[in-house]
Number of protein chains: 2
Amino acid sequence: MISEFDLIAHIASLFDTPEGVTLGIGDDGAVLDPGRFDLVTADTLVEGVHFDRSYSSAEDIGWKALATNLSDVAAMGGGPGVFILSLCIPEDEDFEFLQGILQGMKQACDELVPDSFQVSVGGGDVTRIDGPLVISITLLGESSPAGPVLRRGAVPGDRVILLGAVGMSAAGLAILSGEVEVDASDFPSLLKAHRRPMPRVHAGAMLGLHGIPSSLIDISDGLAQDLQHILTSSRVGAAIETHGLPRHPELVALHEATGVDLLPWMLSGGDDYELLMTVPPARMPKLWELARRYQWDVYDIGEVRDRNEGLRLLDPRGELIELEKSGYRHFDGGEPG
Amino acid sequence: MISEFDLIAHIASLFDTPEGVTLGIGDDGAVLDPGRFDLVTADTLVEGVHFDRSYSSAEDIGWKALATNLSDVAAMGGGPGVFILSLCIPEDEDFEFLQGILQGMKQACDELVPDSFQVSVGGGDVTRIDGPLVISITLLGESSPAGPVLRRGAVPGDRVILLGAVGMSAAGLAILSGEVEVDASDFPSLLKAHRRPMPRVHAGAMLGLHGIPSSLIDISDGLAQDLQHILTSSRVGAAIETHGLPRHPELVALHEATGVDLLPWMLSGGDDYELLMTVPPARMPKLWELARRYQWDVYDIGEVRDRNEGLRLLDPRGELIELEKSGYRHFDGGEPG
């Protein structure tokens with residue numbers, strides 16, 4: 001059994017007291033610089049539900065625990081700052097495995113966060129559990145001077161824009177779990193998409209700063225469901241041309257090798273941690289300019305419509321696609337905040 | 001299986017969007033008023049480690065989950081505000097039980113928080129777990145205009161002051177678990193101390209506002225260990241006269257009925273959620289004035305000494321007490337922040 005105090009000392013030694021924090025680990029609470037953080041988001045990873053040690057390394061798991069939260073702050077058009085880490089640790093847990101998880105978080109801080117922000121631990125809680133490992137993170141961030149970008153600003157006529165690719169994490173998980181039988185080593189990008197998602201930290205902050213999107217969300221539940229969150233919040237509908245969605249070469253190769261249908265993964269796979277937004281036509285030139293400058297892979301995949309049209313997913317012939325209800329949906333599809 | 005969306009809707013209906021929150025439940029993150037919150041603390045309750053359904057009702061458990069966090073903010077001399085709630089829910093969990101937990105949190109908001117503050121949910125995360133119920137709360141608060149009160153300000157000559165009673169929660173748990181065999185109904189205050197602790201929300205904020213303590217902590221790990229946290233942070237020692245500790249009539253009655261030694265519970269029992277502080281002699285008159293006005297049960301239990309004296313626990317004859325290492329210590333005795 002690892003001592004709680006050893007673990008906390010290890011956390012304190014691994015992470016600097018972050019900018020914006022007057023007092024970090026070591027008191028009853030952390031003390032923040034007043035006026036700095038106005039965004040707060042929380043995401044929990046539970047072993048057996050969100051990760052599997054046979055598919056992901058300790059470092060991967062730690063990376064992903066932070067990445068899902070970084071993605072939420074990006075989806076508010078803001079930049080990330082201090083996080084609060086709560087760990088529930090099984091009695092017989094290996095200290096080395098926990099060190100690996102913390103190392104993965106540290107890597108995510110170093111590799112995913114642009115110079116203009118600094119992410120580090122401000123405090124948290126370490127407890128025992130007679131059950132699976134639980135990693136719960138609450139991340140504080142700061143919205144851009146233009147204010148946070150919400151889900152509720154889409155209006156008919158706006159373009160629906162995808163930043164990044166969808167379906168790769170779900171395909172990677174299907175390979176790792178043996179749901180599709182192929183040589184995993186032929187699909188490194190799909191495995192990486194599942195193990196080490198790359199949330200759009202810089203892009204989210206830049207989109208917020210330049211006031212581009214009328215609404216913004218990250219794709220954690222799958223493109224269709226997350227778009228539906230925007231439509232519900234904004235009280236609008238949308239038409240999506242699914243042939244406008246990007247298909248990574250490894251996705252195409254997987255389809256060719258196994259005949260598996262890619263569309264369910266792309267529409268409902270989830271765990272993508274890419275950004276989905278609506279953009280007024282007048283702001284599209286600015287978006288393309290930013291996309292060129294920062295080399296974002298941006299796709300114009302449809303249009304916001306009136307509410308009574310609902311969400312219409314169209315195939316290349318313009319026919320409606322029935323989204324199977326049986327698509328992958330984890331219980332924590334959304335979050336209260 | 002409860003739907004995640006039903007549960008989130010229930011949470012949103014139960015709690016108002018709190019003051020200081022521009023946008024609560026329903027987006028990728030919550031949006032806070034900038035400049036309001038500068039304190040952050042986190043505490044997690046795990047079933048089987050921190051609570052037992054056969055000892056506590058759902059309402060008790062929800063109450064305690066919030067109370068432990070309220071106590072941490074009080075221990076910074078500040079006032080509580082928004083909390084972020086992360087729940088890991090077993091597959092077969094009863095919706096009614098979860099409603100009870102939320103109801104208990106709501107009761108704690110209503111009954112423990114003075115009018116000058118408002119505590120409510122700002123967001124969170126709901127997920128499934130193949131294991132015990134986990135309730136993880138991150139609470140944001142605001143320090144007083146005089147700034148947060150830390151653990152590290154004690155100097156030799158300061159008085160050591162206890163606000164409240166210690167050992168009652170541990171005694172209550174011993175009764176509930178059958179460790180001591182008595183008629184539980186004769187000890188309602190001890191049971192209540194375990195099930196529904198009363199953190200010193202108002203007192204913590206007032207102590208901070210009036211700049212009374214040179215150091216402050218709440219008692220979650222037990223008086224001796226929490227005092228040691230202050231001594232370590234402040235690089236000082238202390239002498240405590242244990243006969244100065246208050247003994248609740250039910251504690252005395254339990255001792256008389258069973259012969260059980262009260263001192264281990266009082267010194268190492270933990271889960272008290274009372275306040276322990278050091279106060280410079282010059283500020284003692286002001287403390288007594290506040291204690292009279294607000295009817296705090298304040299006890300002067302010893303003195304801060306030089307570091308090389310360590311922590312000395314003295315019996316009525318002035319003899320040193322050896323604190324047994326076998327005292328109750330839960331793994332989450334402290335917290336990183």
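User: How far apart do the C-alpha centres of domain 1 of chain A and domain 2 of chain A lie?
Analyst: This is a predicted model, in which local features need pLDDT of at least 70 and side-chain atom pairs count only at pLDDT 80 or more, while totals for chains, interfaces and linings use all residues. Residues are numbered from 1 along each chain as its sequence is written, and chains are lettered from A and ligands numbered from 1 in the order in which they are written. Chain A is divided into domain 1 (4-143) and domain 2 (159-314), with bounds that come from an automatic or database domain assignment. Between the C-alpha centres of these two domains of chain A the separation is 26 Å.

User: Which element gives the most to the side of domain 1 of chain A that touches domain 2 of chain A?
Analyst: Taking residues as in contact if their C-beta atoms, placed from the backbone, lie within 7 Å, 21 residues of domain 1 of chain A are in contact with 21 residues of domain 2 of chain A. On the domain 1 side, α2 (58-74) and β4 (78-90) of chain A each supply at least two residues, where helices (H or I, at least four residues) and strands (E, at least two) are DSSP runs numbered from the N terminus. With 10 residues, the element that gives the most to that side is α2(A).

Conventions. Contact = placed C-beta atoms within 7 Å.
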